[in-house]
Amino acid sequence: AFSSIMGCLTAAGPNISSFGRTGRNLKRRNSANSVVSDCTMNSNSGLDGSNHSTMSYGSAANMADDASAASGISRGSNYYSSTASLVSRVSQYSSSNPRIKASHVEKWNQRYKELQQFVQKHGHSCVPLEYKENPSLSHWVKRQRCQYKLKQSGSPSSMTDDRQFMLEQLGFVWNSHEAAWHEKFQELYFFRQQYKHCNVPSKYAQNPSLAVWVKCQRRQFKLFRQGAKSNISPERISLLEKIGFIFTPREHNKNKYS
């Protein structure tokens with residue numbers, strides 16, 4: 001779990017440092033010991049080469065701060081009172097907009113409350129694409145990203161400014177590729193909490209996809225260091241290093257015992 005703000009994945013993890021924002025502004029708190037409030041990010045290339053944002057979880061060395069950090073990953077916790085009034089504003093908006101039915105507004109508000117509960121429980125707003133505990137919430141989150149994309153392109157969309165603002169207060173990650181990366185980062189962080197290191201076995205039966213992801217991060221880092229095209233960014237490298245991730249195990253062991 002992560003500390004003083006609310007963002008996807010800002011996701012549950014160690015103290016966070018800079019969490020960018022979805023192609024907008026929000027590069028906050030560059031201090032390694034500060035907690036970034038959002039999952040919003042600075043544009044970088046995603047896992048598939050598409051644009052994405054980056055978030056930083058700050059210094060993970062001080063694990064004693066993990067408990068407080070968990071509550072800080074998402075800004076949303078600090079804004080629940082203000083977002084309550086926004087829910088009312090969104091509801092009022094529907095009455096003046098024939099394109100949005102009152103029943104749809106009610107359903108949207110209900111899902112938003114479920115997302116708030118998810119954030120309170122997990123410390124971030126990055127709902128997994130396959131969230132067995134609440135499949136409807138994961139589908140709704142996906143729809144919000146689609147509606148946001150339509151809005152950005154100037155097409156008809158149910159994503160209003162108020163809704164966008166409300167979601168961003170919970171550190172909502174608009175870029176699905178970014179959300180996927182941080183979802184895996186969170187899994188790695190929990191692995192570290194359990195085993196006190198980030199050396200995920202190449203054949204990790206409990207979570208094979210995490211083992212593949214870790215291998216991919218090392219491969220992308222190698223390309224990055226060679227100056228070749230890579231999907232890893234300096235922000236992601238910093239984020240991983242802060243929780244003790246070793247990009248070059250052989251070099252690390254050689255220097256350790258030399």
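The stops below follow pairs of charged side chains.

This is a predicted model, in which local features need pLDDT of at least 70 and side-chain atom pairs count only at pLDDT 80 or more, while totals for chains, interfaces and linings use all residues. Residues are numbered from 1 along each chain as its sequence is written, and side-chain values use heavy atoms, with hydrogens and water left out.

The structure holds six salt bridges, a salt bridge being a side-chain nitrogen of Lys or Arg within 4 Å of a carboxyl oxygen of Asp or Glu.

Begin by selecting Arg-111 and Glu-114, whose side chains form a salt bridge at 2.9 Å, N to O. They are about one helical turn apart because they sit three residues from each other in helix α3 (residues 102-122), where a helix is a DSSP run of H or I with at least four residues, numbered from the N terminus. Both Arg-111 and Glu-114 are buried, that is, under 20% relative accessible area, with exposed meaning over 50% and partly exposed in between (1.4 Å probe, protein chains only).

Next, select Lys-184 and Glu-187, which are joined by a salt bridge of 3.1 Å, N to O. Both belong to helix α6 (residues 176-195), three residues apart, about one turn of the helix. Lys-184 has a relative accessible area of 16% and is therefore buried, whereas Glu-187, at 23%, counts as partly exposed.

Finally, select Arg-225 and Glu-251, whose side chains meet in a salt bridge of 3.1 Å, N to O. This pair links distant parts of the chain, 26 residues apart, with Arg-225 in helix α7 (residues 208-226) and Glu-251 in helix α9 (residues 249-257). Arg-225 is partly exposed at 48% relative accessibility, and Glu-251 is partly exposed at 38%.

Key: Helix = DSSP H or I, 4+ residues; strand = E, 2+ residues; numbered from the N terminus.
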